[in-house]
Number of protein chains: 2
Amino acid sequence: MKTWIEENLKNLNQTDEMNPPEGFTRLSYTAEEWESITQFKQIAEDLGLHLKQDEAGNVIARWDPETEEGQKRSAAATGSHLDTVANGGGYDGAAGVLCGLGAVKMLKDQGFSPQRPIEVICFISEESARFGVSTIGSKAMAGLLDPDKLKDVADKDGVTVKEAVEFRGFNWDRITSAEREEEEIYSFLELHIEQGTRVQDAGADFGAVTAIACPIRLNVTVTGRAGHTGTTPMDRRHDALVSAAPLITFVSERAKALSAEKDLPVVATCSTIELKPNVMNVIPGTAEIGIDIRSVDDNLKEELEQEVYEKCREIEETFQVKVTTEKLVHNPSITLEPKVFETIRDTGKSAGYKPLTLESGAGHDVMNMQAKWPSGLLFIPCRDGLSHHPDEHAELEDLVMGVKLIAAYLEKETGE
Amino acid sequence: MKTWIEENLKNLNQTDEMNPPEGFTRLSYTAEEWESITQFKQIAEDLGLHLKQDEAGNVIARWDPETEEGQKRSAAATGSHLDTVANGGGYDGAAGVLCGLGAVKMLKDQGFSPQRPIEVICFISEESARFGVSTIGSKAMAGLLDPDKLKDVADKDGVTVKEAVEFRGFNWDRITSAEREEEEIYSFLELHIEQGTRVQDAGADFGAVTAIACPIRLNVTVTGRAGHTGTTPMDRRHDALVSAAPLITFVSERAKALSAEKDLPVVATCSTIELKPNVMNVIPGTAEIGIDIRSVDDNLKEELEQEVYEKCREIEETFQVKVTTEKLVHNPSITLEPKVFETIRDTGKSAGYKPLTLESGAGHDVMNMQAKWPSGLLFIPCRDGLSHHPDEHAELEDLVMGVKLIAAYLEKETGE
C-alpha cells in the first residue's frame, strides 16, 4: 500500500518530487486541474471503478456491488478535490481523493463485498483562488449553486466561470443537472489534511470533526485626512493608519482572551489592508481592513463582532476619524452529522488510532454535502500545520492511516 | 493687480474654475505640463521678458536692465514649477511662478529700473508623481543631475525619463547643458504655499524659511508566518500585521513626544504598507512598512531612527518574528542662506506684513538652487494646510501679498 500511495500521490500531482520550490498551481477549470483529474480517472479505472463526469466537471468513481440481490441503492461516498491555490501544496484535497481510492483498493484486495455502492468523488474547483468562489463542484452536486449569480464572476484576466466551464467542454446551461437526488447517497466522508497542529499537539493520530466554523467577514474603513508627511505637525494629524493600529492589536488580543475564557475557541484576523494613497510622502488618508472571524460557536463570533464595532466607535473618538463597517459574509457554522462523526471516531479507534474530537476552522466540500446528506470530516496531520504553501507535507504513514480509516468507515457503512 | 492675478492663475491652470472636483493633473513632461508652460511663456512675453528654454525644459524669463552701463551680470532670480501630482491643486508651484511674474509686472508698472537682470524661472518637473524622482529641472540647473542614473527610470507605463524628455523635443545627451555658471545668478527666491498651517496658527502673514527638513526614509519588513485564518489557533500565530501594529503607534507617539520635548519639531509617518499575501483567509506572512522621518535637526531625525531600530528588536522578541530594516534615503537637512532669509523677512516686514520664522517640512526646487547660489524660501498660507488635493486653495489677498513680497525682495536685490 505504501508504494501504491507514494506512486499515485505523485501521479495525481504530476510530479517526480512532492515539494518543488514553486509548489503546485492547479487553479479551477484550468488545464492543470484537468490533467490531475485525468490521472484520477486512470487510477480509478485501474481499480475497476465506473466513471461518470457530471456537467459541473465532478468525477464520480463508483464501485457497484457484484450481485443486485439485496443491495441498497444509496452509496457510501468519500472524496475531496484536486485543484490547488497558486503555489500551493500537493496534499490539500489530493490526500482525500488519494486515500479514498486507496481505501477502495484495500477493500478490494481484502476481497470485501459491499452491500451498497461505494463512490470516490473528485470535486471540481474547491479553492477560491481563481474566481474568489469556493467549492463550485460540491455546491453543484448538493444543489446549492446559483448559476445566474456565478456565471459572470471573472478571474483576474476577465475570463468568467461560464467561459471557463464551457472551455472544458461542458454546457453551462446544464450545470444544475450535476445536482444529485437525496436517495443516491447514504453518507459522505471527506478526509483532509488538518492545516493546523491541534491533532499533533494533543498527541492524537487523527481528528474527528464535529462542525465547521464558517466566518463572519468585516470590512472596516478608517477615514482620516491625507496630508504632506513633511508639513503636517504631529498634533494636527488624522492619520488613518495610526488610528487603525489599535484595532489590529485589539482583534488579535480579544480573540486570544475569548478563546482562553470560553469552551470553544474563536480566531480572528486582520488579514488584508489597503491604504490610500499609500505613497511615501503622504499621511494615510484612508485605511481599509478586512477582518475574518471564525468559531463553531456562532454566539462567540457575534460577541467578538460586537466588540469590534465598539472598538471602532472608541477609535473614532480618540483619533477624530470616521470608521465605517460593512459585513461581507456571515455564514452560520455547520454541524456535521453526529452519527457519521461517531462512526469515524469509533471505527478509527477500533483500527488502532487515537482520535481527537475537534472542529474545523476551514471550509471544505463536506459542508455542502452536509446540507443534503449525512456527512463527516476527518483530519490527518500535516507538518507544522503548513498548508497553501510549497512546503505543505503529510507523512506517508499518515496517508496509509487515512486509507485505513476510510476503509474502516466504508466497511462499516456498506457491510451487512 | 488682483484681476491680473486671478486671470493669469486660471491661465496657468488652463481652467475657468480653480477647484474642479478632480483637481489638476499635470505630470512631469506630459502635454498638460507643456500647455501650462506655454501659458507661462505667453504671460512673460506680454510683460516684455526674454525667454530661454534649456535642454531640460526649464524656462527662464529674463528682464535685462535697459542700459548696459554699470550693470551687474548676475541675475536676481525667483521661480517655482507648474507640474502637479495626480489630482493635485492649482497653487502648489503655480503660486510661485505667478507671483514672480506679478512682481515683474508690479516693478515695471512702478517704472522701476533694475541694476542687474531679473529672472522668473519656471522649473520643469518638480513633483515625483510620475517618475518617483523630484525636482528634475532645478537639479539640472544646479548641476546636480546624474543623467546615467536617471535615464532608465520609468513611469508606471514603462516610459523612461529619457524617452519623456526626448518626446518633448529635447536632446537627452545635452541635458547637462542646462547647468548654469555660478556667476549667472546673484540670489534665488522661491515662493510656495505653506502646505501646513503654522503661519496661520501663529497669527502671521507669511513664512520666512530658514532650512528645509529632508527625510530619512526607512523600509521595515516584518516577516512572520502565513497560515490559514480558520485553522491556526491564536496562540500559535506569528502574524506580521499584528507584530507591526505597535511599531505604527510607536512612530507616531515618539515623534509627538520628541517634538514636545525638543526645540525643533520632528515628524514621522508610517505612510505605506504592503501585506503578503493580503487575502482574506490567510494570516499576513509579511508586512512591509515605509517610514518617513523629517526634521531640520538632523540629530533629532537620527535619534528617532535609532528608536525605531530598538522598537524593531523589541517586536522581534515579543512576537517571535523577523524584522529587517533598510535605509532608503538619508538626506541631511538644508540650511538656506541666512542673508537671503533676512532680506525676505525684513523687506516683508517693511512692506507691512508679519513674518513667521520657520523651517520647511517639504522639499522644493530652492534646495537644489541653494547648493550653488544663495537662496531663500517664503511661504504664503494655504487653506487648512491642504495641498496635493483638489481643494488646495490660497486666498487672492495672499497671492497679492506674495507679489508684493517678491517685488520688495527683487527691488532690494537689484536696486542701486
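1. B:Val222 stands opposite B:Ala287 in strand 11 of chain B. The model is predicted: local features need pLDDT of at least 70, side-chain atom pairs count only at pLDDT 80 or more, and totals for chains, interfaces and linings use all residues. Residues are numbered from 1 along each chain as its sequence is written, chains are lettered from A and ligands numbered from 1 in the order in which they are written, and side-chain values use heavy atoms, with hydrogens and water left out.

2. Strand 11 of chain B has two antiparallel partners. Strand 7 (residues 215–223) pairs with strand 11 over nine bridges. Strand 9 (residues 267–276) also pairs with strand 11 over nine bridges. Strands here are DSSP runs of E, at least two residues, and helices are runs of H or I, at least four residues, both numbered from the N terminus. Pairing requires at least two DSSP bridges between the strands.

3. Strand 11 of chain B spans residues 286–294, and seven of its nine residues are buried, so the rest of the structure largely encloses it. Buried means under 20% relative accessible area, exposed over 50%, partly exposed in between (1.4 Å probe, protein chains only).

4. B:Asn87 sits in the loop between strand 3 (75–81) and helix 3 (94–109) of chain B. Its relative accessibility is 37%, so B:Asn87 counts as partly exposed. Beyond neighbours within four places in sequence, its contacts (heavy atoms within 4.5 Å) include B:Phe24, B:His388 and B:Pro390. B:Glu22 is also in contact with B:Asn87. The backbone oxygen of B:Glu22 is 2.8 Å from a polar side-chain atom of B:Asn87.

5. Chain A is assigned domain 1 (2–212 + 333–414) and domain 2 (215–330). These bounds come from an automatic or database domain assignment. The domain centres, taken over C-alpha atoms, are 36 Å apart. Nine residues of domain 1 of chain A contact seven of domain 2 of chain A.

6. How much area is buried between domain 1 of chain A and domain 2 of chain A? About 460 Å², with carbon and sulfur atoms giving 50%. Buried area is the accessible area (1.4 Å probe) that two parts lose on being put together, summed over both. In domain 1 of chain A, A:Ser333, A:Glu359 and A:Gly361 lose the most area to domain 2 of chain A, together 81% of what that side buries.

7. Zero salt bridges are found across this interface of chain A. The criterion is a side-chain nitrogen of Lys or Arg within 4 Å of a carboxyl oxygen of Asp or Glu.

Technical notes. Polar contact = N/O pair within 3.5 Å; in protein donor to acceptor, adjacent residues only side chain to side chain.
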